[in-house]
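Look at the sequence and the 3D structure below.

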Amino acid sequence: MAEPSRRGILVLGLMAAAVTSCGNPAPHPSPDAGGPTSAQHVGPAAERALPGAPGWEITDPGPSDAIEGFADRVSVLPGEPFGLHVSTPAAAFTVSAYRLGWYDGARARLVWRRDHVPGGRQPAPHVDPVTRTVLTGWQRTLAVDTAGWPEGAYLLRLDAEDGSGQRYVPLTVRSAATAGRTVVMSAPATWQAYNEWGGYSLYNGPTGGLATRSLRVVFDRPYDYDHGAGLFLVYEAPLVALAERLGLPLAYTTGIDVAREPGLLRGASAVLSLGHDEYWSPEQRAQVVAARDAGTNLAILGANCCFRRVRFEPSELGPDRTVVCYKDAWAQDPGHQAGAPATTDFRAGPNADPESAMLGVIYDGYPVDAPYVVGSPEHWAFEGTGVTVGASFPHLVGVEYDRVDTAFPTPRPIEVIAHSPVVCEGRASHADTAYSTVPSGAGVFATGTMRWVEALDANGPGGGSADHGIDARAGDLVRKVTENVLRTFAAGPAGRTHPARDNLAAVYGGA
């Protein structure tokens with residue numbers, strides 16, 4: 001089966017999500033070597049100035065079984081090794097490690113390469129009959145030493161040497177500390193939830209519906225979307241490029257690391273949740289809330305954030321490599337029966353804890369496609385955009401959206417700065433961009449639309465040839481607003497200099 005296009009990802013993944021629909025609201029290094037400065041840590045400006053590799057993108061993926069693989073670690077600290085598990089009928093392949101960033105627009109730098117790695121076809125996967133988990137049992141093909149690799153978001157590109165195909169393997173080289181930095185918090189748990197490699201995800205099984213979905217999914221398998229990149233290229237890479245172009249002090253981590261390492265976010269200037277960050281563990285949420293309540297700003301650059309409550313368990317290859325989410329079958333979960341929190345929606349019982357208590361906004365539905373409508377052009381987030389009241393940007397709201405809804409716990413003061421009418425399966429509602437501040441001084445900014453990060457790359461005319469029809473005018477808006485938020489949040493607790501001015505009574509009437 002041909003791999004879906006990047007822009008087909010959301011449609012494929014979310015068609016199965018009816019349970020949450022509106023009805024229920026440059027020069028190359030030599031082989032085995034790093035670049036000339038990769039063996040030492042460099043600052044953001046120096047890293048950004050290094051030569052990029054314009055040819056990093058996959059151009060000829062080939063058939064799905066030409067080559068594919070996965071890493072046995074979701075993230076590593078610089079210098080920590082990891083294993084690659086690769087299946088290919090080719091006699092040999094090449095592995096190239098690209099760090100994603102800006103690099104004068106090249107978007108990636110080649111940090112390491114290994115040529116002539118012996119290939120071999122791994123066994124077909126099998127499926128656990130109880131949890132419908134796809135298990136590969138693949139052997140390690142190659143051990144990779146990351147000595148000299150800078151912190152950042154990486155894609156390893158696998159190239160079959162007979163030219164039959166190419167695939168990506170994502171990896172985060174994470175930061176050991178985040179104090180004074182803006183934290184890019186990648187969302188691999190959500191990538192894995194939507195991953196249908198082997199025929200099963202947390203949404204679909206062979207019948208194409210929830211009845212045969214997996215109850216547990218593992219990282220011990222390739223990603224099927226975007227030639228193995230999962231959801232990274234659509235929902236995260238454009239933000240990484242912008243943040244690195246701005247030269248901000250950045251730290252890189254994943255939601256899994258935040259859950260596992262109490263205090264990892266201590267002293268961080270800001271935490272960024274990117275375009276599609278739906279699946280969180282209670283531990284991750286507790287750490288992010290603790291950081292917010294200690295003065296760390298929080299930016300939600302997407303929608304449907306922190307909607308599903310999950311549990312991380314080990315797999316055969318290591319700790320935290322299984323994502324458990326029984327959803328409406330939570331009572332059947334042996335972990336819950338043993339005392340763990342129910343792996344269902346955060347807003348659902350038992351022990352409901354709606355995501356709005358942390359975010360200010362709450363997920364309201366799917367699918368929509370609507371204009372983004374500015375309500376408060378004088379807000380600091382819109383500085384330099386030139387927008388006026390009622391300025392409208394077609395297609396920027398979609399395909400999932402959030403709003404402020406005081407029927408759920410909502411921190412105050414909160415300021416709705418864009419209030420976009422939507423109609424979702426016949427129900428009228430609004431998508432809200434909202435800014436709130438909390439007693440610690442932290443600011444919380446939530447875009448209210450899942451298309452925000454994607455729109456950072458909108459540079460041409462709208463219409464059918466553009467991503468969702470989003471045009472350069474919307475792209476300019478999103479880029480400037482995101483820059484304003486990132487720069488303001490990097491400077492420290494935003495509420496101390498930019499307190500939210502509660503306007504819910506004016507926006508919603510008597511709220």
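**Aromatic rings in the model**

There are 15 aromatic pairs in the structure, which is a predicted model. In one of these pairs, Tyr203 and Tyr279, the ring centres are 6.4 Å apart and the planes stand at 80 degrees, so the pair counts as edge-to-face; planes over 60 degrees apart fall in that class. Tyr203 belongs to the loop between helix H3 (188-194) and strand E11 (216-218), while Tyr279 belongs to strand E14 (residues 279-280). The two residues are 76 residues apart, and their pair links distant parts of the chain. Are Tyr203 and Tyr279 buried or exposed? Both are buried.

Another edge-to-face pair is made by Phe307 and Tyr363, because their planes are at 70 degrees, with ring centres 5.1 Å apart. Phe307 is found in the loop between strand E15 (297-300) and strand E16 (308-309), and Tyr363 is in strand E19 (residues 362-373), so this pair ties together parts that are 56 residues apart in sequence. Phe307 and Tyr363 are buried as well.

Rings can also join in a group. Which residues do ring pairs link into a cluster? They are Phe82, Trp112, Trp149 and Tyr154.

The ring of Trp102 has the charged end of Arg245 over it, 5.7 Å from the ring centre. The ring of Phe393 has the charged end of Arg473 over it, and here the distance to the ring centre is 4.0 Å.

Methods
Residues are numbered from 1 along each chain as its sequence is written. This is a predicted model: local features need pLDDT of at least 70, side-chain atom pairs count only at pLDDT 80 or more; totals for chains, interfaces and linings use all residues. Side-chain values use heavy atoms; hydrogens and water are left out. Rings of Phe, Tyr and Trp (its six-membered ring) pair if their centres lie within 6.5 Å; planes under 30 degrees apart count as stacked, over 60 as edge-to-face and the rest as tilted. Helices (H or I, at least four residues) and strands (E, at least two) are DSSP runs, numbered from the N terminus. Buried means under 20% relative accessible area, exposed over 50%, partly exposed in between (1.4 Å probe, protein chains only). A charge sits over a ring if NZ of Lys or CZ of Arg is within 6 Å of the ring centre and within 35 degrees of the ring normal.
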